[in-house]
Amino acid sequence: MPVTLDQFLADGAAEPGLAQLIGTVADACAEISALVRRGAAGEVLGALESENVQGEVQKKLDVISNDILLEACATAPALAGMASEEMDTVHPVRPVTGEARYLLLFDPLDGSSNIDVNVSIGTIFSVLPVSAEAPRDVTEADFLQPGRNQAAAGYVVYGPQTTLVMTFGRGVTAFTLDPKTDQWLQVIESVAIPRETKEFAINASNMRHWAPPVRRYIDDCLAGETGARGKNFNMRWVASMVADVHRIVMRGGVFLYPWDAREPNRAGKLRLMYEANPMAMVIEQAGGAAYDGFGPTLDARPTSLHQRVSVMLGSAAEVERLQRLHEDALQPA
């Protein structure tokens, strides 16, 4: 009989407060999964007239998923506050104390532009520690920590199966939600991303806007076995980060959402706190690497809650190659 998530958490995967928080996140994601499965029959599809803090039109299920996570996770005694891609600022839960010493950040429904066409979407989450000498309220500054500080991170992908992939900083494990019992069952004890790959994921329609190092990397991949790489590559692109990254976690590859010349003053499009950092932690803990065009993603110093970054992550050998190309581009001619 596979190990259940409850058993895994109870057996010392994390200290009790953190374990309970992750269990609560998983329960909330199981509720979201049920809504995703119902789709139009549950009257949860379609767009709203509102926009989130990013200026993006919100889907009904974006808002519903956000509310589910806020309500469910507020019951976890170890949680002091939350932040979401869908909210302007932080959501305090209780004062920071010795017991309430974690912060939860999440993208409640990544890939929501794909909701109406039945493509895999997901939830991404990150847990940061917080401390105080005396009880105090949570502030936005508490959340602005490098990804290296994460106590846990992971994602849930709502696809043909609903799968939870997570890490507490000691490797990566995966669980699938059993629709018959509504239990999370462990399907992979230790995830390992191959160092080498022949697969990349990028929106090639934006090629003309990429920086030279990214363009050079993709040109070399497309040249195939007669080019500099000496092997043929396949391109995959779902346009849902959680789905593209999950494929890489399961079989290797590299995912790129790089800087774009159309917005030259913005480092990238994806959010550091809600997407890049948690995914980078998962990828690194599974043996891969994550780079933001300047250094390892997890070393980036956040300056704002909704900061955006360039994302390049996946099989270590490919990310290392991308890093070398970026570093070479900075060298004087």
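Colleague: How are α2 and α3 oriented to each other?
Modeller: This is a predicted model, so local features need pLDDT of at least 70 and side-chain atom pairs count only at pLDDT 80 or more, while totals for chains, interfaces and linings use all residues. Residues are numbered from 1 along each chain as its sequence is written, and side-chain values use heavy atoms, with hydrogens and water left out. The axes of α2 (residues 16-38) and α3 (residues 60-73) come within 9 Å and cross at roughly 150 degrees, where axes are lines fitted to C-alpha atoms over the stretch in contact and angles run from 0 to 180 degrees between N-to-C directions. Angles under 35 degrees count as roughly parallel, over 145 as roughly antiparallel, 65 to 115 as roughly perpendicular and the rest as oblique, so α2 and α3 are roughly antiparallel.

Colleague: Which class of residue has 11 members in the contact of α2 with α3?
Modeller: Contact means heavy atoms within 4.5 Å, and on the α2 side it includes Val25, Ala28, Ile32 and Leu35, with Leu61, Ile64, Ile68 and Leu69 among those of α3. In the classes, Ala, Val, Leu, Ile, Met, Phe, Trp, Tyr, Cys and Pro count as nonpolar, Asp, Glu, Lys and Arg as charged, and the others, Gly among them, as polar. Next to 2 polar and 1 charged residues, the class with 11 is nonpolar.

Colleague: Are α6 and α7 roughly parallel or roughly antiparallel to each other?
Modeller: Helices are DSSP runs (H or I, at least four residues), as strands are (E, at least two), numbered from the N terminus. The axes of α6 (residues 241-251) and α7 lie 11 Å apart, at an angle of about 10 degrees. In this pair, Val245 and Ile248 are among the α6 residues that meet α7, whose side includes Met279 and Val282. With that angle, α6 and α7 are therefore roughly parallel.

Colleague: And how many charged residues are in the contact of α5 with α8?
Modeller: Helices α5 (residues 212-222) and α8 (residues 316-330) have axes that come within 9 Å and cross at roughly 135 degrees, so they are oblique to each other. Arg216 and Asp220 are among the α5 residues in the contact, and Glu318 and Arg321 are among those of α8. Besides 6 nonpolar and 1 polar, the number of charged residues is 4.

Colleague: Which element gives the largest share of the lining of the second largest pocket?
Modeller: This pocket has a volume of about 350 Å³. Of its 22 lining residues, Val36, Arg37, Asn118, Tyr158 and Gly159 are the closest to its centre. Both α2 and β9 (172-178) supply at least two lining residues, but the largest share, 4 residues, comes from α2.

Definitions and conventions. On a 1 Å grid over the protein atoms alone, a cavity is a set of points where a 1.4 Å probe fits but cannot get out, and a pocket is an open set with protein on both sides within 12 Å along at least five of seven lines; lining residues have an atom within 4 Å of a point. Grid points are joined across faces, edges and corners, and a volume is the space filled by probe spheres set on the points.
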